[in-house]
Amino acid sequence: MAKYYTQEIPKTERIPKLVAHLYAKMPEIESARARLITESYKATEDKPVITRRALAFEHILDNIPIIIRENELIAGSTTIAPRGCQTYPEFSYKWLEAEFDTVATRKADPFYISEQTKRELLEADAYWEGRTTSELATALMAPETLKAIEHNIFTPGNYFYNGVGHVTVQYDKVLAIGFEGIIDIVEKELAGCKPGDADYCTKAPFLEAVLISCRAVIRYAQRYAALAQKEADACGDAVRKQELLQIAANCSRVPAKGAESFYEACQSFWFVQQLLQLESSGHSISPGRFDQYMYPYYKKDLDAGKLTREFAQELLDCIWVKLNDLNKCRDAASAEGFAGYSLFQNLIVGGQDKEGNDMTNDLSFMCITASKHVFLPQPSLSIRVWNKTPHDLMLKAADLTRTGIGLPAYYNDEVIIPSLLSRGLTLEDAREYNIIGCVEPQKAGKTEGWHDAAFYNMCRPLELVFSNGWDKGEKISIETGRVEDMSTFEEFYDAYKKQMDYNISLLVNADNAIDVAHATRCPLPFLSCMVDDCIKRGKTVQEGGAIYNFTGPQGFGIANMADSLYAVKKLVFDEKKVTLAEYKRALAMNYGQGFDAVSAGEIVAQIVGEMAENGMAVDESQIAVMIKTVMETKLPAEEKKKYEDLRAMIDQVPKFGNDIEEVDMFARDVAYTYTKPLLNYRNPRGGQFQAGLYPVSANVPLGAQTGATPDGRLAHTPVADGVSPSAGKDVFGPTAAANSVSKLDHGIASNGTLFNQKFHPTALSGEKGLENFVALIRSYFDQKGSHMQFNVVDRETLLDAQAHPEKYAHLVVRVAGYSALFTTLSKSLQDDIIRRTEQGF
Amino acid sequence: MDYLQTKGRIFDIQRYSIHDGTGIRTICFLKGCVLRCKWCCNPESQEYAIQEMTVRGKKKIIGRDVTVEEVMETVEKDRPYYNRSGGGLTLSGGESLCQPEFARDLLHAAKAVGINTAMESMGCARWETVEQILPYLDHYLMDIKHMDGEKHKQFTGKSNELMLENAKKIAAFEGTRLSIRVPVIPTFNDTPEEIRAIAAFAHRLPGVEDIYLLPYHRLGQDKYEGLGRKYELPDILPPEPEHMQMLKKVVEDSTGLRCQIGG
């Protein structure tokens, strides 16, 4: 008999009903949390911050409105409106107030907000002036760092404005002993604290804060038990009445106690997942190895005849729907970068245990089925692949991939485990890794990884080489010499490395300032009681309570920089077809393609800046005239042709992504200009910086902040995503592209790399198609690629979806580290997806 | 290893081919063909001479002379994919047998380094030519287009006797698997009777287990214009999926062969 059940279990009628209810309306912003936290904070100003956090959490959980949605089997909703969101003014709030009138109509991820909610938020927000993490972080940053952020060299927006999230807690611990069990542990620890201890003044309040939080969570579940009981009493439908009574029974036991059934384990899991979100607003709170920690409960009930596979599947499907009920409103610019209402709740199946045995089980298969059943972007389903991953599981995963949902993402144990070892994890912990958010590996319940710490635009330092440290009329970086004076490629490349190094140091400063701000103003006692070794150390993860600490900002634009530097090397220095001065001018003139308003604004800012240096003031009306003049400037035909010829010449230079050894090894070295220097830096929690090479979908908006690059890319167009080749530049098909990408050093980018490929459905049709697809993944992984994900849709479908979004409300595409509903993406991002090389026949 | 220096003329190398032979394959397209099939989707393959073709408004040179060694450099790049999928090198064309030494030496070079080999071919050459290739060939994907010699000649320019005769000999050759492929072209060979006749022939060949029905497509039509030629089948539509299913059933009912639609 097979070791696991691989048959596909059918979907029940309940699931489409839950999905339809969830997606009936535009998501809505609610004010309850903002009002409650503000009330609590006003009443606790004399207390330590950790106590205030716990009391506020308690006040929220005791009073926030609760609801059990129609047909639900798993209860727990953060908002009354389906897919609604609360706000978190303790991190930041001004951006939302500024967007009150546009948030419902903006392109990416719109939210409805009522007039009453606006008034209530304004009233609550008023308290937070000067008290947020983002304000403190700003105050802690060096002036040159603020300047670099203002000039879009990097964007630490994620944690600058929001909670951190990006963690996997010890779900297994809560399932096993419940919060009553955790309370016991904490009470014992507290009993051991003596007033004379050096850390008594921080440890005791922290442990007390944990107790307050855990008790609040238990009471919150009891509120649901009471609500379910009340609804059951009023329910005329015998079947639903029974379901509600069961919900009441579940919520009265868990998460207070250890789960005794699979159903209780599901409910207990859900409260943890939901309430982590409610505590801090961070995204990428990742369920991790769900098939592993849920399996004992499933197996026990199944063996005892208390559970059918069909019901187990239905419960999984219900959780999958609930994961899409959680939502978050981001500022407009971030919403573009993270488009698709995604919370990046990464849930991973398969892989090894701490002793190196393959741990695939029934639930590994059922999790994949659940994603097929609900067909929604969350969870970000992932699969761990290693040499002993069962072929059946690979085929099952590939079968989901070919539906076009963009799930699962595939991760390579054979690269990730050694990579984590090199960062100080034990072999046991490394083998048990899971993925956070998009692609970031870590050990659950022991890590504060700060995995998504910033977007670092590797293209901008190259612009600073050409401008000798100036940008838009201001000196914002070090001087690395005039490019006109550079006589060797080494000199030019060295200038790039210096610009990189300097700006990386500012990036570190930004992240560390934000890190300190979170520890100071928003330590999280509830989260911290589920991460080792916070309880013993007596401090939150924000203050260094976790065993493993990292900061992982991601670099992007590898392919653009590899192609750019290679083109400069070839055309300027090897073949001497063009001078750096000519190149510089071609870039400034956007290869003769004219200037959009953004470019014109930048050029005028440059001129105005230079005039200001010389003591000449310019008023706004003059600036407007200057911008208009620049935009209407027509280049002489001869000059325009010169730039176009250069661009045609650049086009002929070999590009990354085509399996050309020389170019690919060059790209490997270029990636090191980001990944190596970062390793030299430390964060305030005592951990190390480590690089990721993935951009979420920020390659589009951040590309819009980047001028023309020497690879022929025009100003303000998207840069390459992840470690993928530049869109359309890989022309020898998926194996050539994968070979090129695998030649980068994935191991050193221990915060993850991201490789997107897009397939036409015919490439995966039939049994043979699946087999070949699996072989493709295996082969990329044989060559030490780290991660792979796929879009399987045809171009015509995407174009049609762009023209008729109403017909494609449920079209899911993979946008980088996650799946999103295509029609909710902005047009530019949709275009980017369409443009990616179609790897069809 | 002199065979590595043998020269030939190709017009393309396509990687990640998954519709021609087993697994993930690299196809090397040899230039030059003995037939002039009216439906040919690679009309630039027919002439041995190097040609100019207009592709999306731009002139493109079709055909280049290469050594076996040069081709093998590209073929080697996807070895991990062959290993994982059971793939390898496929020769296509044109008709590879028009460049027999190059075809033989290229297949030899692949076999010598443990790479699986396949060849798409009509078998339209003297037996002595075919025979010297077979020791290096794992899988012969042989086109049989029609059993009626007259009609065959009318649509392809040549009668079919030589090819049918070769098919029997190839089938008898140990060590090379033979599969039969039939391009299904409306107005030429898409009736049940015509397909049944080909299937019956294939079924009589010893060792042949599968037959592929490849539905006609028009993806090569623009190339005729690019070459300054006239496409002679402008009014023919690809066969309907239901029709293909019906033909598949005809094959399966009348023979014991495995029948697959598409490569």
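User: What makes β2(A) and β3(A) a pair?

Analyst: Two strands (DSSP runs of E, at least two residues, numbered from the N terminus) pair if DSSP finds at least two bridges between them. In this predicted model, β2(A) and β3(A), residues 380–385, share 4 bridges in the parallel sense, so they pair by that rule. At one of the bridges, Leu347(A) has Leu381(A) of β3(A) as its partner.

User: Why is β2 of chain A called an edge strand?

Analyst: The open sheet has 5 strands in the order β2-β3-β4-β15-β14 (chain A), with mixed pairing. β2 (346–349) and β14 (756–759) of chain A each pair on one side only, which makes them the edge strands.

User: How do you know whether the radius of gyration of chain A agrees with a compact globule?

Analyst: The radius is taken over C-alpha atoms, and the globule rule is 2.2 Å times the number of residues to the power 0.38. For 841 residues a compact globule would have a value near 28 Å; chain A has 27 Å, so the two agree.

User: How are residues and chains labelled, and which pLDDT limits apply?

Analyst: Residues are numbered from 1 along each chain as its sequence is written, with chains lettered from A and ligands numbered from 1 in the order written. As the model is predicted, local features need pLDDT of at least 70 and side-chain atom pairs 80 or more, while totals for chains, interfaces and linings use all residues.
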